[in-house]
Amino acid sequence: GLIMQSESLLKYVVSFLVEKPEAINVREVEGEKSNVLELVVAESDIGKVIGRNGRIAKSLRTLIAASSAKEGKNYTLEIVD
């Protein structure tokens with residue numbers, strides 16, 4: 001289905017940021033207003049996907065917002081620590 005696009009895009013991009021790509025996990029959680037993509041990475045990699053002052057996390061959120069809008073959906077990204 002369509003979800004796969006945002007989800008696999010997220011996994012793909014994040015795999016370049018982290019040291020343990022095998023630990024990447026993305027869950028879709030249905031919310032009332034928007035669906036949430038929960039991103040789980042290895043504990044040692046959390047800083048790498050958040051970035052200094054949250055810059056990388058912000059970029060990832062923008063990417064998911066753009067990608068999901070194209071799919072006619074509304075996803076928000078949560079980084080689970």
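Biologist: How many helices and strands does the protein have?

Modeller: The protein has three helices and three strands. Helices (H or I, at least four residues) and strands (E, at least two) are DSSP runs, numbered from the N terminus. Along the sequence their pattern is α-β-β-α-α-β. This is a predicted model, in which local features need pLDDT of at least 70 and side-chain atom pairs count only at pLDDT 80 or more, whereas totals for chains, interfaces and linings use all residues. Residues are numbered from 1 along each chain as its sequence is written, and side-chain values use heavy atoms, with hydrogens and water left out.

Biologist: Why is N35 called buried?

Modeller: Buried means under 20% relative accessible area, exposed over 50%, and partly exposed in between (1.4 Å probe, protein chains only). N35 has 16% relative accessibility, and therefore counts as buried. This residue lies in strand β2. Contact means heavy atoms within 4.5 Å; leaving aside neighbours within four places in sequence, N35 is in contact with E28, V29, E30, N74, Y75 and T76. In the protein as a whole, buried residues make up 36% of the 81 residues.

Biologist: How do you know whether K70 and A65 are buried, partly exposed or exposed?

Modeller: K70 has a relative accessible area of 79%, so K70 is exposed. A65 has 37%, and is therefore partly exposed. K70 lies in helix α3 (residues 55-70), and A65 also has its place in helix α3. The C-alpha atoms of K70 and I56, 14 residues apart along the chain, are separated by 21 Å.

Biologist: What makes the pair of Y12 and F16 edge-to-face?

Modeller: Rings of Phe, Tyr and Trp (its six-membered ring) pair if their centres lie within 6.5 Å; planes under 30 degrees apart count as stacked, over 60 as edge-to-face and the rest as tilted. The structure holds one aromatic pair. The ring centres of Y12 and F16 are 5.1 Å apart and their planes stand at 85 degrees, so the pair is edge-to-face. Both residues lie in helix α1, four residues apart, about one turn of the helix, and both are exposed.

Biologist: Why are β1 and β3 said to stand at the edges of the sheet?

Modeller: Two strands pair if DSSP finds at least two bridges between them. Three strands form an open sheet in the order β1-β2-β3, with mixed pairing. β1 (25-30) and β3 each have a single partner strand, so one side of each is left without a neighbour in the sheet. The twist averages 25 degrees from one strand to the next.

Biologist: Which residues of β3 form its covered face, and which its uncovered one?

Modeller: Y75, L77 and I79 form the covered face, while T76, E78 and V80 form the uncovered one. In a regular strand the side chains alternate between the two faces of the sheet. Helix α3 lies across β2 and β3, running at about 150 degrees to β3; axes are lines fitted to C-alpha atoms, for helices over the stretch in contact, and angles run from 0 to 180 degrees between N-to-C directions.
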